[in-house]
Amino acid sequence: MKTGLWVLTLLGAALLAGCNEEAQSLDWYKAHAKERNEKVATCEKAPKPRATEDCRNAIDAAAVADDNITHSEPKFWSFDVKKN
């Protein structure tokens, strides 16, 4: 009886440990700035911010999001070649 109880307890613990919310995709976080910023803020408070797939996707999307990129003026180079 005790063995059966332990098996059920361990099985229940294993099932609960495996249950987590489904991670949003990188593209989803790119398209949803508000949710992305909230998730990044939550993940940055964790000891390992990139520990979950959801946090990795949110952080990666924040790194490449258009609103986080500073665009600079195009550079045009001219070369003056002196002929001797």
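A: The torsion about the S-S bond of cysteine 43 and cysteine 55 is about -80°, so the disulfide is left-handed. The sulfur atoms of cysteine 43 and cysteine 55 lie 1.9 Å apart, where a disulfide is defined as a pair of cysteine sulfur atoms within 2.5 Å. By this rule the count comes to one disulfide. The pair links distant parts of the chain, with cysteine 43 in helix H3 and cysteine 55 in helix H4, 12 residues apart. Helices here are DSSP runs of H or I with at least four residues, numbered from the N terminus.

The model is a predicted one, in which local features need pLDDT of at least 70 and side-chain atom pairs count only at pLDDT 80 or more, whereas totals for chains, interfaces and linings use all residues. Residues are numbered from 1 along each chain as its sequence is written, and side-chain values use heavy atoms, with hydrogens and water left out.

Both cysteines are buried: cysteine 43 has a relative accessible area of 2%, and cysteine 55 has 9% relative accessibility. Buried means under 20% relative accessible area, exposed over 50%, and partly exposed in between, with a 1.4 Å probe and protein chains only.

Helix H3 comprises 12 residues, 33–44, and its end C-alpha atoms are 16 Å apart, in agreement with the 16 Å it should span at 1.5 Å a residue; the expected span is 1.5 Å times one less than the number of residues. In H3, Arg36, Val40 and Cys43 are buried. They cover an arc of only 65° around the axis, which puts them on the same side of H3; the arc is that of the directions from the helix axis to the C-beta atoms. The buried residues of H3 pack against helix H2 (26–31) and helix H4 (53–64), contact meaning heavy atoms within 4.5 Å.

Threonine 42 is also found in helix H3. Its side chain reaches the backbone oxygen of glutamate 38 at 3.0 Å. The C-alpha atoms of threonine 42 and cysteine 55, 13 residues apart along the chain, are separated by 8.6 Å.

In helix H4 lies aspartate 54, which counts as buried at 7% relative accessibility. The side chain of aspartate 54 makes a polar contact with the side chain of tyrosine 29, at 2.9 Å. A polar contact is a pair of N or O atoms within 3.5 Å; within protein, one must be able to donate a hydrogen and the other to accept it, and residues adjacent in sequence count only if both atoms are side-chain atoms.

Technical notes:
Helix = DSSP H or I, 4+ residues; strand = E, 2+ residues; numbered from the N terminus.
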